Amino acid sequence: MAIRTYGLNGVDWEERVNYDRLRNERLARIKQLLKQSEMGALLCFDMNNIRYITATHIGTWAMDKLARFCLLAQDDEPIMWDFGSAARHHQLYSPWLGERSRAGISTLRGAMLPAAGRAEDVARKIRIELEERGLLNEPVGVDAIELPVLFALQAEGIKVVDGQQLMQEARIIKTQDEITLLSTACMMVDAAYDELYRFMRPGVRENECVGLVSKVLYDLGSEHVEGVNAISGERCSPHPHVYTDRALRPGDPAYFDILHSYNGYRTCYYRTFVVGSASQAMVNAYKYCREILDVAIAAIKPGVTTADVVKLWPKAQDFGFPDEEAAFALQYGHGVGLSIWEKPVFSRLVSLDHPEVIQEGMVFALETFWPASDGWSAARIEEQLVVTKDGCEVITRFPAEELMVAGVRYYTATGPLPTTRETQSHLNTATASNGNQPGSTTASTRSL
């Protein structure tokens with residue numbers, strides 16, 4: 001176990017996350033890649049790319065506004081245009097930017113009238129900086145952009161090209177401090193799952209589970225709970241990817257995905273439980289879901305490709321979908337960093353024909369799904385891992401090797417109620433003759 005977990009505070013007697021090193025190494029990496037590219041500069045509106053380049057953050061409320069922007073020109077330092085007084089705050093508290101932190105605002109995704117000229121103002125600001133550096137005739141890479149701003153840049157004679165791929169390439173390999181932050185973020189979810197396991201019982205609603213998880217994470221110091229998928233009962237198959245106010249019932253499967261950010265670095269972390277007991281069909285589904293995940297994890301090492309991994313997973317048709325697009329993200333892998341979906345992507349939809357090579361220092365999540373033969377239960381498991389020089393290390397530690405039963409243990413007159421049983425009591429009696437009671441040799445099993 002090479003990856004350390006530290007406390008959340010800064011101390012003078014132990015080096016934990018070195019934030020100066022984090023800022024410097026991220027900026028140096030994107031500068032090097034920009035130097036090697038055809039682009040003269042990078043113009044970023046995506047808040048995660050802005051944070052990677054400038055080490056600034058003004059809150060998650062701004063994530064969907066496309067209002068802030070930064071410019072990184074060849075052989076130069078980044079310039080940041082930010083929202084109102086945030087620019088002045090950076091001048092005071094972000095000395096690595098200083099006077100290169102400036103006030104600037106885009107169109108707020110069209111909320112400002114076109115006649116106000118905000119798009120043209122953004123374009124003029126960029127043109128001036130490019131002209132001063134002799135880069136006006138060089139392509140400018142852009143990650144995400146409002147159409148009026150794109151048109152205004154083109155009107156200023158600026159050639160706009162795709163800059164997102166360059167940013168993804170920079171972010172695909174994590175630094176030492178990025179890995180520490182990612183591992184710390186996972187530690188916080190470990191704690192949230194422990195509280196959730198103790199909390200689940202019949203009558204608890206999915207939204208209450210979301211609230212509990214959010215409180216645990218914020219109390220520990222989470223910067224942003226991006227989402228908590230809480231899926232239970234008959235909602236488990238097909239996977240709806242959103243929680244509701246449904247109440248848990250005895251025998252329900254329930255799976256969760258916890259996505260949050262610690263100092264910018266994310267988690268994507270599924271676990272599956274059952275409430276009180278599990279049917280044999282659910283036990284079988286979980287076992288197979290774990291099996292195909294473990295086979296994939298065992299294959300991870302530098303030099304292996306994403307195609308090599310996804311070949312180990314079942315095809316879409318094997319679990320009830322017509323094609324890989326229809327089953328997308330059920331057997332899946334994705335990079336995790338300043339956002340929850342980064343390079344590399346593992347999917348039979350794209351990886352077989354367009355494989356990516358796994359490299360030391362990558363951090364990604366692998367997640368599998370398997371529907372139970374009863375037609376409504378399903379298992380979903382996910383692990384985040386760091387690629388090491390000779391394999392990988394899993395940084396999501398809440399137990400998941402076997403299906404866990406949450407809720408109180410029930411007792412009958414003759415002893416504990418079995419935790420593997422059908423949800424309908426009459427199927428568990430000695431006189432049941434449908435061959436589907438726990439322990440029966442004809443109990444539901446997976447079929448491929």
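**The hairpin and its surroundings**

Guide: Leu-349 is partly exposed, with a relative accessible area of 37% (buried is under 20%, exposed is over 50%, and partly exposed is in between, with a 1.4 Å probe and protein chains only). This is a predicted model, in which local features need pLDDT of at least 70, side-chain atom pairs count only at pLDDT 80 or more, and totals for chains, interfaces and linings use all residues. Residues are numbered from 1 along each chain as its sequence is written, and side-chain values use heavy atoms, leaving out hydrogens and water.

Leu-349 sits in the loop between S12 and S13. Together with Phe-328, Trp-341 and Val-350, Leu-349 forms a nonpolar patch on the surface. The accessible area of these four residues together is about 330 Å² (Shrake-Rupley method, 1.4 Å probe, with only the protein chains shown as cover for residues). A patch takes residues with over 30% relative accessible area and no salt bridge; nonpolar side chains (Val, Leu, Ile, Met, Phe, Trp, Tyr) are joined within 5 Å and like charges within 9 Å. A salt bridge is a side-chain nitrogen of Lys or Arg within 4 Å of a carboxyl oxygen of Asp or Glu.

Now to the strands (DSSP runs of E, at least two residues, numbered from the N terminus). S11 covers residues 332-335, S12 covers residues 342-346 and S13 covers residues 363-371. A hairpin of 6 residues leads from S11 to S12. S11 and S12 pair antiparallel, with 3 bridges (pairing requires at least two DSSP bridges between two strands). S11 is also antiparallel to S13, and 4 bridges join them. Gly-335 takes part in both pairings: its bridge partner in S12 is Glu-342, and its partner in S13 is Phe-364.

Both faces of S11 are covered. Tyr-332 and His-334 are buried on one side, and Gly-333 and Gly-335 are buried on the other.

S12 has a detail of its own. Pro-344 lies in this strand, and the peptide bond joining Lys-343 to Pro-344 is cis, with omega about 0°. Most peptide bonds are trans. Elsewhere, a cis peptide bond joins Ser-237 and Pro-238, with omega about 5°. Pro-238 is found in the loop between strand S7 (224-232) and strand S8 (253-262), whereas Pro-344 is within a strand.

In short, S11 pairs with S12 and with S13, and Leu-349 of the surface patch belongs to the loop between S12 and S13.
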